[in-house]
Amino acid sequence: MIEKIVEEMKDEMVKTMVEMIPIKAISPELGGTGEKERADYLERVLKDIGFDELKRLDTKDKYGYVRPNIIAKIKGKEGKKTLWLAVHIDTVPEGDISLWKTDPFKPVVEGDKIYGRGTADDGQAVISSIYALKALKKSGIIPKNNIGLMLLADEEVGSKYGMHYVLDNYNFGENDEFIVPDAGNSKGDAIEIAEKGLLWVCIKVIGKQGHGSRPDLSLNANRIGMKLALSIDERLHYKFSAINNIFVPPYSTFEPTKREANVQNINTIPGTDFFCFDCRILPNYKVEDVLNEIKDEAEHYKKKFNVEVELKVVQKSEPAPQTDPNSEVVVKLKKAIKELRGFEPSLIGIGGGTVAAPLRRRGYNAAVWYTIDNVEHSPNEYCKISNMIGDAKVFAKVISEY
Ligand SMILES: [Zn+2]
């Protein structure tokens, strides 16, 4: 049984994780130097496995750092399509170091947990995917279709040099399918097959600053800004009110979030007001249409209150089409989870965003799943060894039957 082969590699998997975590893989945008060294290390691990195809798709970023991607493939009997496991090897920085109980880059194994930055996101998936493919090789099973592994750079800051680069520079088969282990819950009972669209927009209202006692001589941007924020809030909720029960939560969300501080003292009427919205939009709608509603409301306020209103779009991505619930990848993944864990996972949509979105936009089926406690990007991030092994068993089962 292929699960038994995975179980027997437990110590090796822990060792690879412990060796990988000290090799930092942080994007230059977040203060690092990229993922090259970590990719070199993992490439050596992959070389021992014996793939039919093993190659690098490296590129250079605007700072001159090498941004590596590794593609590994095992050929199937018929090989008409490929099931890919797509994981990312970059991590975010440690954050506030005083909140860590251990050195984030010196992994500590304690009982069932391995502590360290990137052990969960996405280290656990990196290790369980690599060893699922290794188990397949060891088992001697040759599946009907090809099995691929992608170790990707740059996920944490938008995947320009990772998934997007690979999509532009590698020839995937038109029926290829993908598992993206990069979002999940601690039970592993939900497979994500859809993501909402995303819009981050900031709005600056410019009035006229003045003395607290002379509103007659000033134009209070604070009051107009508050009204505008509430108007936008109401308008978006009213206009884009569809319900889609696959999503958690099942509606589009429009949240006023960041507000910038204005004047320091109570007796000054603020001349500017600055606030932002985080919008997560169901695939029923176009992100552009949401943005147009916001623009329209801003125009209305300009005229009504004689203020300037400036809009800045910080992030914008259209929702990707939903992955077919009856696609082979989803059906086989569901079946493997049911057989190994004894429950039927539900199919859900989330607020975004993983590399499944660009894949779905290109028409590919992508299922997002792994078993993870909610520790990504937190201090004292850890991965449970039992989850790492358990997920590797699920992946091994899926790929051996694909
Ligand atoms: Zn991640």
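## Close-up views of a predicted model

View 1. The side chains of E299 and K302 form a salt bridge, with N to O at 3.2 Å. Both residues belong to helix α7. They sit three residues apart, about one turn of the helix.

**View 2. R235 and E293 bridge two helices.** The closest N and O atoms of this salt bridge are 2.6 Å apart. R235 belongs to helix α6 (residues 221-239) and E293 to helix α7 (residues 287-305). The pair therefore ties together parts that are 58 residues apart in sequence. R235 is partly exposed, with a relative accessible area of 22%. E293 is buried, with a value of 14%.

**View 3. E339 meets K397.** Their side chains make a salt bridge, 3.1 Å from N to O. The two residues come from distant parts of the chain, 58 residues apart. E339 is in helix α8 (residues 328-341), and K397 is in helix α10 (residues 385-400). E339 is partly exposed at 46% relative accessibility. K397 is buried, with a relative accessible area of 11%.

**View 4. Five charged residues form a salt-bridge network.** The linked residues are K36, D40, E43, R56 and D58. A search of the whole structure finds 36 salt bridges.

**View 5. C202 and C276 form the one disulfide of the structure.** Their sulfurs lie 2.3 Å apart. The pair links distant parts of the chain, 74 residues apart. C202 lies in strand β11 (residues 197-206), C276 in strand β15 (residues 272-281). The torsion about the S-S bond is about 100 degrees, so the disulfide is right-handed. Both C202 and C276 are buried.

View 6. C279 is buried, at 0% relative accessibility. C383, another cysteine, is also buried at 0%.

**View 7. D278 contacts W200.** D278 lies in strand β15. The side chains of D278 and W200 make a polar contact at 3.3 Å. D278 has a relative accessible area of 18%, so this aspartate is buried. Leaving out residues up to four places away in sequence, D278 touches L198, L199, W200, T253, F254, E255 and T257.

View 8. Residues up to four places away in sequence are not counted here. The contacts of L199 include F277, D278, C279 and I281. Also among them are V287, V290, L291 and I294. V313, Q315 and K316 touch L199 too.

**View 9. The largest nonpolar core holds 95 residues.** Those with the most contacts inside this core are L46, I130, L151, L199, I203 and L333. Helix α4 (residues 119-139) gives the largest share, 10 residues. Domain 1 (2-195 + 320-400) and domain 2 (197-317) both contribute residues, so the core lies between them.

**View 10. A second core stands separate.** This core has 23 residues. Among them are W84, M150, I348 and I350.

Terms used
Residues numbered from 1 in each chain as written. Predicted model: local features only at pLDDT ≥ 70, side-chain atom pairs only at ≥ 80, totals over all residues. Heavy atoms only, no water. Disulfide = S-S within 2.5 Å. Helix = DSSP H or I, 4+ residues; strand = E, 2+ residues; numbered from the N terminus. Buried < 20%, exposed > 50% of the residue type's maximum accessible area, 1.4 Å probe, protein only. Core = buried A, V, L, I, M, F, W, Y, C linked by side-chain atoms within 4.5 Å. Domains from an automatic or database assignment. Contact = heavy atoms within 4.5 Å. Polar contact = N/O pair within 3.5 Å; in protein donor to acceptor, adjacent residues only side chain to side chain. Salt bridge = Lys/Arg side-chain N within 4 Å of Asp/Glu carboxyl O.
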